[in-house]
Each structure stands twice: as C-alpha cells, then as structure tokens.
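Thanks for coming. I will take this one in parts, and you can follow along on the screen.

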Protein chains: 2
Amino acid sequence: MNLVIDREILLENLNTISRGLPVKSPMPILTGIKLYATDTDLFMTSSNTDISVEVTINDASLQIIEAGQTVVPGRFFIDIIRKINSKKVSLFLSEDKILIIKADRGEYKLHIMDPLDYPKMDFVSQENPLVISADVIKSIVRETVFATAQNEKKPILTGVNLNNTSGKLIITATDSFRLSQKIISIPDYKDFNITIPAKSLDELAKSIDNYGDNVNIYLSINKMLVTFKNICFQTRLLDGNYPDTTRLIPQEFPIVLKFNKDELAAAVERVSLLSPRDNTKDKEITYSIIKLSIKRDRIIEISTNNSIIGDAKEELIPTSVEASNSITIGFSSRYLLDSLKSFMSTEISLNLSGEIRPFIIKGENDANLTQLILPVRMEN
Amino acid sequence: MNLVIDREILLENLNTISRGLPVKSPMPILTGIKLYATDTDLFMTSSNTDISVEVTINDASLQIIEAGQTVVPGRFFIDIIRKINSKKVSLFLSEDKILIIKADRGEYKLHIMDPLDYPKMDFVSQENPLVISADVIKSIVRETVFATAQNEKKPILTGVNLNNTSGKLIITATDSFRLSQKIISIPDYKDFNITIPAKSLDELAKSIDNYGDNVNIYLSINKMLVTFKNICFQTRLLDGNYPDTTRLIPQEFPIVLKFNKDELAAAVERVSLLSPRDNTKDKEITYSIIKLSIKRDRIIEISTNNSIIGDAKEELIPTSVEASNSITIGFSSRYLLDSLKSFMSTEISLNLSGEIRPFIIKGENDANLTQLILPVRMEN
C-alpha cells in the first residue's frame, strides 16, 4: 500500500471511524483501524462489540500509487494525523510490516497488525432502505436516549425501542422510573420492532452532527445499518422483548399546569441544591427528591426539606392552571430537569392525575413527544 | 443578623472566599463560611489548613438592619447565591439557629453552626508592606509553579522558594528533575527566604486574575498575608530549608539552538505521541522521553523509539545554531512542553552543555527567566 491524501480529508474520515473504535478490546486487533486501498478507493473500518463503521474515500486528493491493506494501531494513527499540520500525508506500507506516515518534515513508523486477522464485517445488505432525515434522528436521540436505564439489571432497558406498526413508529425509552415517548409517521415501510443500544444512538448522533440530509436505514434480525455520505454505520440490536409501556401513560389529567420552561427549570435547579441525597438506597429513584404543590391563589410551590442542611422553597406563577383539586407530588428533580431539556417549546405543561400516579410533560411545539415521570410517595 | 445586599456583590465576594474553603475538613466548622455583620460592614471568612481568606464588604447596596454573626454551610451558601437570579438578597438570622435567605419568590433556610466554634484567624499584622504589581505575581505563578514537586517525598519542594538578598529576589521551583528560576528586583525591602505552597500560589493567582493594580504583602515567620481591594488572602509557609540550587545551573553553553517556540512545541508534541510510557519506574523522570540531535546541515532531529507501537521523528530548522560539536540528548517531552508554555517570547533558545548535563531554556523577551531540565542517559 502506498498512497497520498489531503490531511484534512483523512482526519475528517478518521473522526467518523473513531466512533466505532474501542479503547480496549478482548480482541486486540479491534483496537486497530483496517485500511484497504484498491486502485481507486481507500476503505477504513473500525469495530467494537456494538458498532462497526466503514468509510469509503475517493476524494480528488487521494492518489493511490499501490493498492494494499493493513491494520494500524487506531488511537495512535488518529492522534498523529490530528496533530500533524501539513497539507498532504503519505502512507506507505513497507515490507518489514511497518506503516510509514510522512508529513512535511515528520516521519512516523507504526507497527502494523495482520489484516487477515481482522474480522470480516457483515454489513446488512442495502435493499429497501427506510429513508429518514438526519435531523429527525438527532431529535429522537435528544428526546429519548437520556431516559434509558444506566445499569444492566434489565439489559433491554439500556436501549431505545422503535416499534413500527402500519406506518406509526413509536419510539420509547424507559428506566422504569421515567419514560420518553416520541411518535413519528413513516409511511410505506414494513412493520418492525427493534431496540437499539443507547450508546450506539449517541455515537450515530455525533456522526451525523454536521449532516442535514437524509440517511438510509437497513434492518436485519439483529443489526441496523445506517448509510449517509461515504459512511456505513452499523450497530447490533438488543436481544429480547421490550416491555409493553402503552398502558403506563395516563390519558386523563384533572390537573394541567403550564409554565415557562426556563423559569421552571431555574426554580427546580435552585431548590434541588438542598434536596437530600440518599446514597444508601437505590439512587435511580431517591436522587434529589423535590415537592410540587398548588397553593392558595394558584401559586405553585416547589420545595425540599433536608434535615441536615436546611430547607428550600420557590414560588412560581404558572402561565395557566387547570385544577379541580389541590395536590402535592414528590419526584426526582433530576428527572424533571432531564425531561425539560428534551423540549424545544418555550412553554411546557405538567399533566397530573394523582399524587402517586405518573405525570406527563408535554410541549406545545414538540408534537408527539411525551415525557413521563413516576412520582415518589412523600412521607408527609 | 439581618441584612440586604445586591446579589452580584455578594456573589463576587463569595467567589473570592471560595479560594479558602475546603471541600472536606477534619474540623467540620471550617466547611462553613463565617459571616460577621457590624453596623456598617459585612465580613466573610473562610479557611482550610493552608489558606485563609477574609473580605470586608461595605458596598453601597449593603443595608445592615441588625448586626450579628454566624457560620453557614459554605458550599451550599455559595451554590444558592450563584443559582439565584434576583437583584437583591436578604439574609436573616432567626432565633432558632437558621439563616433565612430570601430572593424574589425563593426562600432558603440553612442550618447554621456556632460562630464561637469558628477558630480565630491570626492575620499577619499589616506593617511595612512589600508592594508588588498583581501582574508580576501572576507571571511568577505561571513561570514557576508547574515545576514544583507533585509528591510529598521532599515536602519543601512542593512550594516555590522566594529568596531576597539586598533587593535581588530569586524565585525558584524544582521537583529535582527540572527547575524554574525567575529573578526580580525589589529595592528597599528587608531580606527574607520563604517557601510558599504551590497550591496557595495557584489560588492567589486566581483571586487576582481580574485585578491589575498593586498588592501589599506582609510576612511573618510562618505566614504570608496578601491584601488588595477589600481582600485579605493569607497562606501558611512551608517549614524547612529550601535546597541551594544556585550551583545547579550551568553557566557556559557550547551549544545554543534557537527555535520558533510554537514550531518546536508542535514538533515535540507530535513526536511524544509515540514516546514510551514507562509505568513501572518513577513517572517523574521516565515520562515521555524524546531525543534531540544535531544532524548534518545543522538540522535538528527530534525523535523517539517505541518498541511496541513504532517510531517517530521530526526535523526542525532552528532560527540559529551555535554548535562546536554534535550532540544527542534525551529528556522528558512533558518537561520541555511545560517550560515552553512559561515563555511569552516567540523565539526561545535551548542552551546545552553536555549530553548528561542539565540544559536551560531562555526567551529573548522573558528577562531573568531560566528554565532548566535534567536530561536522561540514552541507552544508545
């Protein structure tokens, strides 16, 4: 292998490749990046247990003098190309199993690994794509991934579920204490029910961060392939049945409180400074509990009591109140703050149906997005 | 105690106070901030084992309705004032040992500690100040603190030594493998020889970050007090004799190489990507060793050999070369990069006197600043 390429083009593609590169791996060969140059194209591949990424470069600046393939130490290769500031980079595979990188007056020799040891990537065959805008994928990630489970007690909950029935795609994430649900419409595509690892969605969102066009999605039984530009991004899917969450979401709300989102978030952040941290119990639910009550004159009070440090309360005037009765409800301030961040709307509504029943948050300009939080029983 | 003050003024002073506030302390009372309101002034004090800070507020916005004193949970108090966005804050000490903070529609009640338990701060008496520009202190910190020892093997080396003899103040920091020395002139002040903890200097530099005027320095046997604006910043001094380093610095240099500082730093950074990391030996000296050699045509080569990953070399053309003989010298790339950052000059010189003798770095526009690095013996 012997080629010359613009450093910027190479770096941009390596940044994409880095999404699939493990820091450590039980298979050392996977800490390498596979380079494969044909007479016309340069392919680069990375893979960890969840994600595989492949880019195809046939940029005008690419001059392939000799085809060939190799596997280079991934992190070192990326770091070197990142730190170099020459216009051109030359990559030459010498016979004594060394990749020589030349850039201006710098020369780097990397010990390579055997490309025959690199596992073959089985990319899903590219037939019948589901075509979706990259921006839709980015919003789905922002709206749902944060609500996935952080621990592996129920592995299926560490992913985001996508359930498509007759063109209605329901996207769900839950850690059992809160739930995010987004519904979008995808006409003319077969029904499917898949669960994608949260981490894979995060990496996919970063990969398409500066990309605003459509992507193609291809599904197999246990993999999802996303293609865009010169990139193939594939992730494994989670095994197992995702729990049915449809009946978790209440449909009737005797109490609807509307707030300016930023005002509500600021008040909750301040009050939660003093909310008790219970490290002895399961953090997922006892973290930063605050209380919300409807007071006289329809003022909302957000408060917390901390027997060690002290108490905090903030009064808020909602932009609108519909309430047939008073209510005091306790919940994790962190869950509320996380969910508020998922909305684009300036005004959001809290929809309550009882002190120990789940409540939901909606935003006027966030169509078909529902955030749900399970309250905790307050002691008094 | 009962007072009202502009939130911004209070916060600005709390940010200063936070420099002396420990996260944890064997004396729990020190995790608090002491508030002491007279009829006219509000004093706030914090202290950890090394640093004590006191501010005196008599801002026009301060209205003291009732004098008094208390000790409030420090971090919580600062966090609340930081998150509040009201113009005014009211602090009221209720009889049941609670400080009530009111701001717009928020109310925070903090359990207080007994001010009688708070240790008395013995600030150095303010006589015969040494007057120095805050900018000089900031440059001294930038030029020397990084070279202090990070471990406590020789505790005195964790500080920066200031040795004043007849108006010539020599400032020295060393971890035994490298040394920073700055000389400034302070006429009309008594001789002294003190060693200031590095951490205290870092916090002092942060405290005066936005301050460009003079500060007053007062010394006692074991303390240094710095006063500026409405702030008293005091640090303990380190016990013990600082080693005599005057004879460490070579005076004659057969080889002088001048470089553009940024070009040299960039090349060293790139090469050091591949320099071996030896975690089994003492990291202080074996970290990121690189080689510098004078080549044919007076080109300088910076290189490293890593038996596992590979090799790197960069060629550099110095802006000037004075060399009676060739030389190959090995040293820590991190030490060189640290020292290069301490110079304002665009052009710096490496002054070498032998393969295993310390070399020094100077900058044309950094008068009286000397950085010294001890080389390591190369195997070949």
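Predicted model: local features only at pLDDT ≥ 70, side-chain atom pairs only at ≥ 80, totals over all residues.

Where they touch, ten residues come from domain 1 of chain A and 13 residues from domain 2 of chain A. On the domain 1 side of that contact, strand 4 of chain A, residues 51-57, gives the most, with seven residues. By type, this side of domain 1 of chain A has four nonpolar, three polar and three charged residues.

Now the whole chain. Chain A has seven helices and 26 strands. Its C-alpha trace spans about 80 × 50 × 35 Å along the principal axes. Chain A has 380 residues, and 40% of them count as buried. Of the contacts in chain A with a separation of 6 or more, 68% are between residues 24 or more positions apart.

Next, how do chain A and chain B relate to each other? A rotation of 180 degrees, with 0.0 Å of shift along the axis, superposes chain A on chain B, and the RMSD is 0.0 Å. That is the relation of a two-fold axis. In chain A, the C-alpha nearest the axis belongs to A:Val23, which is 16 Å from it. As for the interface, 100% of the interface residues of chain A are also interface residues in chain B, so the copies meet through the same surface.

Last, a look at some strands in chain B. Strand 12 of chain B, residues 168-174, is mostly covered, with five of its seven residues buried. What does strand 12 of chain B pair with? On one count, strand 11 of chain B, residues 159-165, pairs with strand 12 of chain B in the antiparallel sense over five bridges. Strand 13 of chain B, residues 178-185, also pairs with strand 12 of chain B in the antiparallel sense, over seven bridges.

Then the turns. Strands 11 and 12 of chain B form a hairpin with two residues between them, and B:Ser166 in the turn has a positive phi of about 50 degrees. The hairpin of strands 12 and 13 of chain B has three residues between the strands, and there B:Ser176 takes a positive phi near 85 degrees.

Terms used:
Residues numbered from 1 in each chain as written. Chains lettered and ligands numbered in written order. Helix = DSSP H or I, 4+ residues; strand = E, 2+ residues; numbered from the N terminus. Buried ≥ 20, exposed ≤ 12 C-beta atoms within 10 Å, placed from the backbone. Contact = placed C-beta atoms within 7 Å. Pairing = 2+ DSSP bridges. Least-squares fit on C-alpha atoms with pLDDT ≥ 70 in both. Nonpolar A, V, L, I, M, F, W, Y, C, P; charged D, E, K, R; others polar.
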